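Student: Could you walk me through reading some features of a protein model? I would like the general idea and then the case at hand.

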Amino acid sequence: MTVYQLLRLSLLWVCLPHPCSPEITFKRTPGPQQRLLGASIPRSDGKILHRQKRGWMWNQFFLLEEYTGSDYQYVGKLHSDQDKGDGSLKYILSGDGAGTLFIIDEKTGDIHATRRIDREEKAFYTLRAQAINRRTLRPVEPESEFVIKIHDINDNEPTFPEEIYTASVPEMSVVGTSVVQVTATDADDPSYGNSARVIYSILQGQPYFSVEPETGIIRTALPNMNRENREQYQVVIQAKDMGGQMGGLSGTTTVNITLTDVNDNPPRFPQNTIHLRVLESSPVGTAVGSVKATDADIGKNAEVEYRIIDGDGTDMFDIITEKETQEGIITVKKPLDYESRRLYTLKIEAENTHVDPRFYYLGPFKDTTIVKISIEDVDEPPVFSRSSYLFEVHEDIDVGTIIGTVMARDPDSTSSPIRFSLDRHTDLDRIFNIHSGNGSLYTSKPLDRELSQWHNLTVIAAEINNPKETTRVAVFVRILDVNDNAPQFAVFYDTFVCENARPGQVSTQTTESMSYLIQTISAVDKDDPLGGQKFFFSLAAVNPNFTVQDNEDNTARILTRKNGFNRHEISTYLLPVVISDNDYPIQSSTGTLTIRVCACDSQGNMQSCSAEALLLPAGLSTGALIAILLCIIILLVIAVLFAALRRQRKKEPLILSKEDIRDNIVSYNDEGGGEEDTQAFDIGTLRNPAAVEEKKLRRDIIPDTLLVPRRTPTAPDTTDVRDFIHERLQEHDRDPGAPPYDSLATYAYEGGDSVAGSLSSLESATTDGEQSYDYLRDWGPRFSTLADMYGGGDSEPEA
């Protein structure tokens, strides 16, 4: 403890009433703890003790803190009026600190403090005192409480909760603007003297800031403090107790004050004119360059929005604001052309986005600059006249026909010749080709719309002087339809007719109707006419068993023409149906329906289509049927083996030729090669059955038995070829032994619907003399050319 503190404690000790005065301590005062005389107190030995009036009491003791003497500090004295001074009484002390901090002389009742006491640790102590008879150990006074209160001295300086404070205040604030409040605490007793009364003062930070002495509020002291000039300030605040008087204790703290930014500075371009360059080949969106206006403010107060407000390049360039760097990025808005224009001028404005109305007086918060953009020339690739081409062409054009022309030019001032080529990855089949000089696209193979309706080609244009400069363009070739496909059956039809069918009956082949449709047919065509498909159905020839009825909706119905069918006589019928379309030129095809004769129940449901099925006895079980079928199969295998063994015993064929007619298909549908074909089949043979040679035996094998050839009756000359073919077909059907054994005889007949007579020379061998063709003039204008060529005797008859 310093000399100054000792002097202050001594003065305080003299000025105050002595806290250990015995007169104060043992002065009798009536109180709630006084007891009435005559009160009885029971004893353990059965005798009644009578309470007497209390002979001693005390009030509070006062003890000065921070005692620095060498002896124990005297607190006070306890004394009872029962004490005769003969040492018969014993004083006992209990409670807070009794026996350690506070001790009592059990004979005299003197109380001492054994060590220095700090009021800030404990302000008062509550103890209990009692006087007992030393011999009997019985209390002579009731136990009573008293308080030792510690008197405060100014031994604690004011302290701040934080060593360093951080605060901020907007720049340009008016004088007296509150910044922050600091508060110091003093551990001394605020209710006793001025030890805890704190006064604030500023030790560092003038003349910028001040502090209120009583509250500790720091305020601005200068007007218009500019953050751009100085941003950080350090202020030292002192807190002093004793009301700031001399001799008081003090503590300090540091306050770091930052001036926050306000938008009091407009943006400014560092240059009045800015020059930029860009290549003419730069695509749209390319960044040409950047401009930036500087702003002394920070954060959102420095945010700037750029815009083009004037100039001759407003439609060619655009500007965007980069938020992170606060730059204006100038970009290409439209394609550039050095040959068209080489310099553009822009007037660009930068303006703050967050303007504080308090600082309008500082001027407009915007600035402008001039940007000149120079266009630099580059060697540009060729430019096509269109972005894409579409050519339409019919599929029946000749190979080598030009279907269209693409055009390209060199946009540079030094116009270079252009060479055209096809990207073969887009034409792998090499159906098209292109003229390298003029860009004409032509076909190199026949076109077929049914194989591919569209062809997507890519044409490449390259400068001859600089082949690396190329441009591609898409060429779409649409193949237009030509009626070059005949209609056909839509599906394969599995048709049957019930044996009990009636002429004209309609059969749907379902169990939901009592009527039965032989078949409803439809057709498909690979062509796609503009007006849609329209098909016509008819029979190739008049059929006595079936007929076709066109529904005029691209479908037709097959109906019967007779009562009942017998599958034992004929189990299958072949019905040729002619299908024609309605486009030009008309295309037609003949499809053959295979109609099976089947047994049906009363509902029209097919039961069986094989003739052998009727021979099976009714009522056989499934196992029996399977057994019968196995037996039949075994017998058939044995018969085949037996026939093979017999065939091996026969002699080898007389003719060993690679062209064995037994495996050939004989087709009688040769139309001939005209009058000059002298080797063609003589149709006169069919017209004149009498000229047919007698049937000859086969010469490729030796017959086992000599069969007598049958001579068919001679038909008159007027017999129609169709009837003749039908008779020959029936003859072959009825004679299974007639050669060739494994050949297929086909008879084709075109019919006799033409009103014009035949112009063929097939029968020239059976006619003699010249022939007159004057009747051609009566056939109409279509035959006028033939009439001029052969009529009137102008031309000589051909042999």
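Tutor: We will take salt bridges, surface patches and a sheet in turn. This is a predicted model, where local features need pLDDT of at least 70, side-chain atom pairs count only at pLDDT 80 or more, and totals for chains, interfaces and linings use all residues. Residues are numbered from 1 along each chain as its sequence is written, and side-chain values use heavy atoms, with hydrogens and water left out.

Student: How many salt bridges does a search of the whole structure find?

Tutor: Side chains of opposite charge can pair when their charged atoms come close. A salt bridge here is a side-chain nitrogen of Lys or Arg within 4 Å of a carboxyl oxygen of Asp or Glu. The search of the whole structure gives 22 of them. In one, Glu392 meets Arg478 at 3.4 Å, N to O. This pair links distant parts of the chain, with Glu392 in strand β25 and Arg478 in strand β32 (residues 470-480), 86 residues apart. Strands (E, at least two residues) and helices (H or I, at least four) are DSSP runs, numbered from the N terminus.

Student: Which residues are linked in a network of salt bridges?

Tutor: Arg227, Glu228, Glu231 and Asp261 are linked that way.

Student: Which residues form the negative surface patch?

Tutor: Patches are made of residues with over 30% relative accessible area and no salt bridge; like charges are joined within 9 Å, and nonpolar side chains (Val, Leu, Ile, Met, Phe, Trp, Tyr) within 5 Å. Asp and Glu count as negative, Lys and Arg as positive, while His and the chain ends are not counted. A charge is placed at NZ of Lys, CZ of Arg, CG of Asp or CD of Glu. The negative patch consists of Asp396, Asp398, Asp448 and Asp484. Asp398 sits in the loop between β25 (388-394) and β26 (402-405).

Student: Is Asp398 buried or exposed?

Tutor: Buried means under 20% relative accessible area, exposed over 50%, and partly exposed in between (1.4 Å probe, protein chains only). Asp398 counts as exposed because its relative accessibility is 59%.

Student: In what order do the four strands of the open sheet run?

Tutor: Two strands pair if DSSP finds at least two bridges between them. The order is β33-β35-β38-β37, with antiparallel pairing. At the edges are β33 (488-489) and β37 (546-550), each pairing on one side only. Two bridges join β33 to β35 (residues 519-524) in the antiparallel sense, and Phe489 stands opposite Ala523 in β35.

Definitions and conventions: Accessible areas come from the Shrake-Rupley method with a 1.4 Å probe; for residues, only the protein chains shown count as cover.
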